[in-house]
Amino acid sequence: MVAHRNNLDGTEVEWKMGEQNKIYACWLDTIYWLAGGTKYKLLEAAGTAQDVYLMPERHITAVAGEKACERFVQHKRRYSPQKVWNYVTGSGISYTYCREPDFPQKFVDIPDPPFGIFYKGRLPDGCVPAVALIGSRKCSEYGTYMAELFAAGFASAGVDVISGMALGIDGISQRAALKAGGSSFAVLGCGVDVVYPRANEPLYRQLQEKGGVLSEYPPRMEPRPALFPPRNRIISALADVVVVVEACEKSGTLITVDMALEQGKEVYALPGRCTDALSMGCNRLLRQGAMIAVSPDDIISDMHWERQTSRHGRTERKLADSKISETAKEIYAVLASLPVTQEEIVARLRENRSALSVPQICQGLVELELKGLAASQNGQYKLLL
Amino acid sequence: MYSRVVTGALNGIESMLAAVEVDASKGMPGFEMVGQLNNEVREARERVRVALKNASIAIPPMRITVSISPAEMRKEGAAYDLPIAIGVLVSLGLIPEEGIGNTLIVGELGLDGAVRTVKGVLPIVQRAKQEGVKRCMVPTANVREGAIIDNIEIIGVSTLSEAIEYLREAEERRCQLIAPARRTLMGQGSQTDKALDFSEINGQEAVKRAVEVAAAGFHHILMIGPPGSGKTMIAKRIPTILPDLSMEESLEVSTIYSVAGQLDDRNALITKRPFLDPHHTISAQALAGGGRIPKPGAVSLAHRGVLFMDELPEFRRGTIEILRQPLEDKRIHIARTSGSFVYPADFMLVGAMNPCPCGHFPDRNKCTCSETEVKKYLSRISGPILDRIDVITQAPRVDIRQLSATMHNESSADIRERVMGARERQNRRYRGTGYHFNAELRAGDIRTYCPLGTEEQAMMEEIFTIMNLSARAYHKVIKVARTIADLDGKDDIGTAHLGEAVCYRMNDRN
């Protein structure tokens, strides 16, 4: 609608009407616990959002049932549409709904689409390919590593990363995508102005700058377990491909997968070891016919996506260039991308018949760390990507 | 008639001489005792009366008044029984007054007249010697303890009759009756398990090295690792790489044990570094010391030794916080209604903990804890305590192959040699400064004793910015680097030493 703003030849009225309807739609969308389907029905019955607001009670009861009518009337009594709109826009939140041209087309194509969407930052561009990287909150070092690898790979190829900003795989992949210079969108299971989990507050802020935070729930809605499965359908709706990084046998992630299949999206899963509890879900998906995700490049070529930007992923590090000691080189040779304990490093060096003493190994590790070649975490060391 | 017997009294680990004055005069028959006496001391009246009767001595119906001075001090314990009994006998004229000249007497009496063991003989005898007392009469069970102090005669008695007989005897013939005890340092075999040695530990080389560094600089150390990774095994062997106690230290430690009533006939003198591993359910009082009549707690019993706190986060928060004062001041101050006491508490804290409640983090295949739970678990140890721990090391799970392999590992003796070398360097450096070890250095003095060269300074700056260290962590790294340089036999801290020291920081929280 913004495009019409400068257009003074009569379409301004149209814009005003559109804006007016958006305010009423926003009011309608802030009614707690009114199902998206019901809102659609009301809109269809009345014509425009403003007409919905003005609908007499008995019509509402006829279309939506008594309970919904009760909520509707109560909400009408308490808040005026303008008041709601002022609050929403005043909190830096944008809103769009199904009748607006900027409402993502991807939503329209799914069963049970959201009526409207509240967002901070921007909405994903429908023309840009998007991947949902999902997985459990609890994740292994392997999961962390793979999530980072995939997210960075997609981001540097210009593919958007969609996820739920949760702890674990979600947050890790979104952070990695942003770090690699890509954009990422989070769909929340609470109001868009509620930061949940709190630990992801920095990510929440970064997402608003380099992507967006979306939610179909009204602002100030606190997170509840019941709100999360419906938001998963929005995650899969926004994505062209869903990649499960790590999931145990009974994981909420699998709900997203079901939604994705219902919506006709491609599902990829990362293979894991059969003994790893956190890969059980993924391996089961693979057995059931999900595609195997081995590298982000495979998925990109499977989908026939064109790379939007030149790939600037992993820069080849030349050990000869960075002046490091022989000791550090020897240690570098036994480190891997997956973190290992100092004890394991000692054992590996001993296997290579290295005569390095523990103090020397400590020094070597710190040297690598200072040179930015390795990192330590929870007392374990790994090579940096 | 009036008599005065010298005895000893304890106040914390301080001891002082006390006097038992007895007066027997005509009047209404009775047995009065005065001088701020505790219940146990008050009960001495009955014990003394019956013990004297059973030693076939009848007390004539006289008015007997006993006063224990200094009167302003609260008296407790049963150690006054024997001096009271002797005092009564002297005042009745049954023992000549010169018989108790220049003699200190302590001991508890049984109803049958047996002289029983008492607490704190060592500090009392020490005090007596300082005050110029020539001879101490102590229960036989405490003889070895008393005999540690030389140039003072220790006479052990096992019954009241024996004591009376001895005191009645003329000076020159007393030796034949009971010979003064000679100092023996026998029987200390039971104090340590000789079998413990570092060579029994396969793998965990990084942890072993961290322990060596900690022992060399007397740094407190925290080991983090899953259950069964050998944390406890390593901790138990730390005393074996610490230098032996010097005679002076040995006396200090023995005094504490004496006051706590933990010295016995077999372990009269503590010659090995104490190792205490209180269970995590320990109460604050048991750790700090205390009770209505304060006794030294675990922190004091670990004086000059190792206080091993296994499962550190499982200790009650308040209990851990008690460690703050001892970690800072090397002593603990306890105030109770019966007075306030200061016990020494200069120990090496060795902590061990699991990385998370279930113990398997970061092995996510086994760990069932959420991220928040892991964070919460770590935060159970408060910042101030963590700040005082210089060396933090990770003990990972040990491979089964390593467990079963026969490896040639360094023995405790080898490690101890290096530790001794480092301590020697520290002794030389801190002579006359009040410091003993690198761990004690205050922030202000770090610049003086741990100067860094230009290259080292540059490296520290790099470490500081890249690894995002706090100011306190920065000082810790330098102190530990100083110890590593000492182990290396170097006067100056090099980049290699700093590099290793950085490895012993907590890398998740600064």
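User: Is Asn38(B) buried or exposed?
Analyst: This is a predicted model, so every value here is computed from it. Asn38(B) counts as buried because its relative accessibility is 11%, and the cut-off for buried is under 20%.

User: Where is Asn38(B) in chain B?
Analyst: Asn38(B) is in a loop. That loop runs between strand E3 (30-34) and helix H1 (39-42).

User: Which side chain does the side chain of Asn38(B) join in a polar contact?
Analyst: That of Glu76(B), at 3.3 Å. Leaving aside neighbours within four places in sequence, Asn38(B) is also in contact with Lys75(B), Arg292(B) and Ile293(B), as well as Glu76(B).

User: New one. What is the nearest side chain of opposite charge to Asp197(B)?
Analyst: Arg237(B), at 6.7 Å. Asp197(B) is buried but has no salt bridge.

User: Which backbone nitrogen lies 2.9 Å from a polar atom of the Asp197(B) side chain?
Analyst: The one of Ser412(B). Asp197(B) also touches Arg237(B), Glu410(B) and Ser411(B), not counting residues up to four places away in sequence.

User: And where does Asp197(B) sit?
Analyst: In the loop between helix H7 (174-177) and helix H8 (205-217) of chain B.

User: How many salt bridges are there over all chains?
Analyst: The search finds 42.

User: Show me one in a helix. What does Lys329(A) pair with?
Analyst: Glu326(A), with N to O at 3.7 Å. Both lie in helix H15 (residues 326-334) of chain A, 3 residues apart, or about one turn.

User: What about Arg482(B) and Asp486(B)?
Analyst: Their side chains also meet in a salt bridge, 3.1 Å from N to O. They are separated by about one helical turn because they are 4 residues apart in helix H21 of chain B. Arg482(B) counts as buried, at 2% relative accessibility. Asp486(B) counts as buried too, at 1%.

User: Which residues are joined into one network by salt bridges that share partners?
Analyst: Glu249(B), Glu252(B), Arg273(B), Arg304(B), Lys330(B) and Asp346(B).

User: How far apart are the closest N and O atoms of Glu249(B) and Arg273(B)?
Analyst: They are 3.4 Å apart, and the pair forms a salt bridge. This pair links distant parts of the chain, 24 residues apart. Glu249(B) is in helix H10 (residues 247-259), and Arg273(B) is in the loop between H10 and strand E11 (275-276). Both residues are buried.

User: Switching to the greasy parts. How many residues has the largest nonpolar core?
Analyst: It has 78 residues. Those with the most contacts inside it are Ile331(A), Leu335(A), Ile345(A), Leu368(A), Met348(B) and Val350(B). Helix H21 (residues 471-488) of chain B gives the largest share of this core, 9 residues.

User: What does Val350(B) touch?
Analyst: Not counting residues up to four places away in sequence, its contacts include Ile221(B), Met223(B), Val306(B) and Phe308(B).

User: Which residues are in the second core?
Analyst: That separate core has 61 residues, among them Ile154(B), Ala268(B), Phe315(B) and Tyr377(B).

User: Over to chain A. Which residues are buried in helix H13?
Analyst: Gly281(A), Cys282(A), Asn283(A), Leu285(A) and Leu286(A) are buried there. The buried residues of H13(A) pack against strands E7 (241-246), E8 (266-269) and E9 (291-292), and against helix H12 (253-262).

User: What follows H13(A)?
Analyst: Gly289(A), with a positive phi near 110°.

User: Last thing. How many helices and strands does chain B have?
Analyst: It has 22 helices and 18 strands. Of its 510 residues, 53% are buried. Its C-alpha atoms fill a box of roughly 90 × 50 × 45 Å, taken along the principal axes.

Conventions: Residues are numbered from 1 along each chain as its sequence is written. Chains are lettered from A and ligands numbered from 1 in the order in which they are written. This is a predicted model: local features need pLDDT of at least 70, side-chain atom pairs count only at pLDDT 80 or more; totals for chains, interfaces and linings use all residues. Side-chain values use heavy atoms; hydrogens and water are left out. Helices (H or I, at least four residues) and strands (E, at least two) are DSSP runs, numbered from the N terminus. Buried means under 20% relative accessible area, exposed over 50%, partly exposed in between (1.4 Å probe, protein chains only). Lys and Arg count as positive and Asp and Glu as negative; His and the chain ends are not counted. A salt bridge is a side-chain nitrogen of Lys or Arg within 4 Å of a carboxyl oxygen of Asp or Glu. A polar contact is a pair of N or O atoms within 3.5 Å; within protein, one must be able to donate a hydrogen and the other to accept it, and residues adjacent in sequence count only if both atoms are side-chain atoms. Contact means heavy atoms within 4.5 Å. A nonpolar core is a set of buried Ala, Val, Leu, Ile, Met, Phe, Trp, Tyr and Cys residues joined through side-chain atoms within 4.5 Å.
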